[in-house]
Amino acid sequence: MARLVYFLVFILGLVMIMNITGYQDQKIDSTKFDFKKLAEKNTAKAEEIKKLMAPKKKVVVVKQVEVQGPLVELTTDQLKKGAALYQKCIACHGKRGEGKRGQKAPAIGGQHNWYLNTQITNMQSGTRVNKVMMTYIRKFSAEDIADVSEYISKLPYMGRK
Ligand code: HEC
């Protein structure tokens, strides 16, 4: 048992000596100890810590609620009637009059009032042939055509689809 203890002490001593002999590899920093620099470093750190510890500002998230009003302000009787008549046209020409490729229906929203009026009148009389639309405009009076044309011309033009 004693031998084992001697042996262990011997090994321990060996390890210590080996450690001490390694001192030559240790880097020696001969620069002067800069208290100023250290102080600056620490104050900077302290400030950083202060910032981190400061109570967080409450972030108020203001949700932007999109007001979904009517596309066209229905300020006149004509526009009101026109909007009602246009309901049947939405299936093909779209809510904004942007048109629908699948229906081969062109964009008409924001088009000139007088042009729309002429086209619908011509379609009704057969001067311009448009079979698909005939069922929708057959019973239109001249006033109806004027009303719906007025409404369509006021639609915000949003580009084709
Ligand atoms: C079934 C689908 C359909 C419906 C519903 C429809 N349209 Fe059309 N519309 C078309 C198509 C297709 C054309 C293109 C016709 C052509 O090529 O000449 C067209 C063309 C037009 C044009 C001519 C556009 C231009 O640039 O020359 C006007 C104006 C128009 N529609 C207005 C209306 C109005 C107003 C209504 C509702 C009362 C309506 N349409 C309902 C399919 C439709």
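In this predicted model, an oxygen atom of the ligand lies 2.8 Å from an N or O atom in the side chain of Arg 128, a polar contact in the sense of a pair of N or O atoms within 3.5 Å. Tyr 115 likewise places a side-chain N or O atom 2.8 Å from an oxygen atom of the ligand. The elements giving two or more residues to the shell around the ligand are H4, helix H5 (113-125), H6 and helix H7 (142-154); helices here are DSSP runs (H or I) of at least four residues, numbered from the N terminus. H5 contributes the most, with five residues. The shell holds 22 residues, of which Cys 89, Cys 92, His 93, Arg 128 and Met 133 come nearest, where a residue counts if one of its heavy atoms lies within 4 Å of the ligand.

The iron atom of the ligand is coordinated by His 93 through NE2 and by Met 133 through SD, at 1.9 Å; donors are N, O and S atoms within 2.8 Å of the metal. This pair joins distant parts of the chain, 40 residues apart: His 93 belongs to helix H4 (residues 90-93) and Met 133 to helix H6 (residues 131-137). Both residues are buried (under 20% relative accessible area, 1.4 Å probe, protein chains only), with 8% for His 93 and 18% for Met 133.

Residues are numbered from 1 along each chain as its sequence is written. Local features need pLDDT of at least 70, side-chain atom pairs count only at pLDDT 80 or more, totals for chains, interfaces and linings use all residues, and side-chain values use heavy atoms, leaving out hydrogens and water.

Conventions:
Donors are N, O and S atoms within 2.8 Å of the metal (3.2 Å for Na, K and Ca); water is not among the atoms, so sites may look incomplete. Buried means under 20% relative accessible area, exposed over 50%, partly exposed in between (1.4 Å probe, protein chains only). A polar contact is a pair of N or O atoms within 3.5 Å; within protein, one must be able to donate a hydrogen and the other to accept it, and residues adjacent in sequence count only if both atoms are side-chain atoms.
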